[in-house]
Amino acid sequence: MDVNIDKYLRQDKLPHIWCPGCGHGTVLGSFVRAFDQSGLDQDKTVVISGIGCSGRASGYLNFDTLHVTHGRALTFATGVKMANPELNVIVMTGDGDGAAIGGNHLIHSSRRNIDITVVLFNNNIYGMTGGQFSPMTPTGDTATTSPYGNIDQNFDLCELAKSSGATFVGRGASYQPRKMIKLMKEGLLHKGFAFVETLTQCPVNYGKRNKIGGARDMLKWQDENLVPAKKYEKMDPAEREGLISTGILHQVVKEEYTDKYKNVINTVMAGESNE
Ligand SMILES: Cc1ncc(C[n+]2csc(CCOP(=O)(O)OP(=O)(O)O)c2C)c(N)n1
Ligand code: SF4
């Protein structure tokens, strides 16, 4: 059963600025459906984004939203969650916003296991500023800042979040919106730091430049290279070459940060001392 998404979108902010064929709309559409299925209260939810094509997502969403400085969505989100732990706090970020300038915040938010859900739009490039390489641009790929091929090694962001302490880690893709909705719903309902990477195509600044083609070819590429996590785990390393695992990649229960902080406040209020 589909959902009427109108109540989740600010109609006066439409039409959106995303290019025809961009995958960002699919990620946003998946998010509102996941949110609807989660049963969370729209009026007790804050969505925060940085700057970038991905950062526009908060502007289109009919929630309490903050559109903040480039790379700092997680720092603002941490402040909101610490000020009122009862709120559902969601961050929408790009691979440049969240993994380059904001990469440090991603590591430390994971480490704290603070109860925030991150949706990271990974289009392998800086879309909004015209196609500079990001930490997610694969080695050898072309960008305006790497006309002879990117010499950096790209991250596996899910591995980074997991090893930093995130307690929910998953990867979805614009080719598989139904799976992405399910994944995002699980991430929203998880208590602790939930990191959801979404693979989204930027045909304008990444696909064409790297000879993958337009939106259709980029989705076909996803179709040919995505593997469900359970199947991926059973494959030997040589078979995995070039393939990308999707679905829930990691989920554990661990004490959440604002709960720990509440304990500190209670200790202080009770006049107890550790000294
Ligand atoms: C402090 C600062 N540095 C750089 C910029 C310029 N800038 C705006 S958006 C952006 C990159 C956005 O890329 P990404 O986060 O991958 O999102 P996309 O546009 O690809 O969705 C940059 C570098 C800025 N606004 N502020
Ligand atoms: S530049 Fe790329 S990421 Fe930005 S709206 Fe266009 S297709 Fe999407």
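Modeller: Before we start, contact here means heavy atoms within 4.5 Å. Also, this is a predicted model.

Biologist: Thanks! With that in mind, which residues does Asn-122 touch?

Modeller: Leaving aside residues up to four places away in sequence, Asn-122 touches Asp-95, Met-136, Glu-197, Thr-198, Leu-199 and Thr-200. Asn-122 itself is found in strand E4.

Biologist: Is Asn-122 buried or exposed?

Modeller: Asn-122 has a relative accessible area of 4%, and the limit for buried is under 20%, so Asn-122 counts as buried.

Biologist: Let's switch to ligand 2. Which residues are around it?

Modeller: Around ligand 2 you'll find Trp-18, Cys-19, Cys-22, His-24, Cys-53, Asn-123, Gly-127, Cys-202, Pro-203 and Asn-205.

Biologist: How does that shell divide into nonpolar, polar and charged?

Modeller: The shell around ligand 2 has six nonpolar residues, four polar ones and no charged ones.

Biologist: Now the inside of the protein. How many residues are in the largest nonpolar core?

Modeller: That core has 27 residues, and Phe-31, Leu-61, Met-92 and Met-184 have the most contacts inside it. Several elements each supply at least two of its residues, including strand E3 (88-94), strand E4 (116-122) and helix H7 (177-189). Helix H1 gives the most, with six residues.

Biologist: What does Met-184 touch?

Modeller: Not counting residues up to four places away in sequence, Met-184 touches Val-27, Ser-30, Phe-31, Ala-34, Val-119, Val-196 and Thr-198. There is also a second, separate core of 25 residues, with Ala-99, Ile-116, Cys-158 and Ala-166 among them.

Biologist: Okay, on to Thr-258. Where does it lie?

Modeller: Thr-258 lies in helix H12, which covers residues 257-269. Thr-258 is buried, with a relative accessible area of 4%.

Biologist: What are the contacts of Thr-258?

Modeller: Beyond residues up to four places away in sequence, Thr-258 touches Lys-81, Met-82, Pro-85 and Ile-114. Its side chain makes a polar contact with the side chain of Glu-256, at 2.5 Å. The C-alpha atoms of Thr-258 and Arg-112 are separated by 9.2 Å, although these residues are 146 apart along the chain.

Biologist: Last one: what does UniProt list for residues 51-197?

Modeller: An unreviewed UniProt entry lists residues 51-197 as "domain: Thiamine pyrophosphate enzyme TPP-binding". In the model, that span is 36% helix and 19% strand, and its end C-alpha atoms lie 17 Å apart.

Methods
Residues are numbered from 1 along each chain as its sequence is written. Chains are lettered from A and ligands numbered from 1 in the order in which they are written. This is a predicted model: local features need pLDDT of at least 70, side-chain atom pairs count only at pLDDT 80 or more; totals for chains, interfaces and linings use all residues. Side-chain values use heavy atoms; hydrogens and water are left out. A residue is near a molecule or strand if one of its heavy atoms lies within 4 Å of it. Ala, Val, Leu, Ile, Met, Phe, Trp, Tyr, Cys and Pro count as nonpolar, Asp, Glu, Lys and Arg as charged, and the others, Gly among them, as polar. A nonpolar core is a set of buried Ala, Val, Leu, Ile, Met, Phe, Trp, Tyr and Cys residues joined through side-chain atoms within 4.5 Å. Buried means under 20% relative accessible area, exposed over 50%, partly exposed in between (1.4 Å probe, protein chains only). Helices (H or I, at least four residues) and strands (E, at least two) are DSSP runs, numbered from the N terminus. UniProt positions are given in the numbering used here, feature names are shortened, and annotations may be inferred rather than shown by experiment. A polar contact is a pair of N or O atoms within 3.5 Å; within protein, one must be able to donate a hydrogen and the other to accept it, and residues adjacent in sequence count only if both atoms are side-chain atoms.
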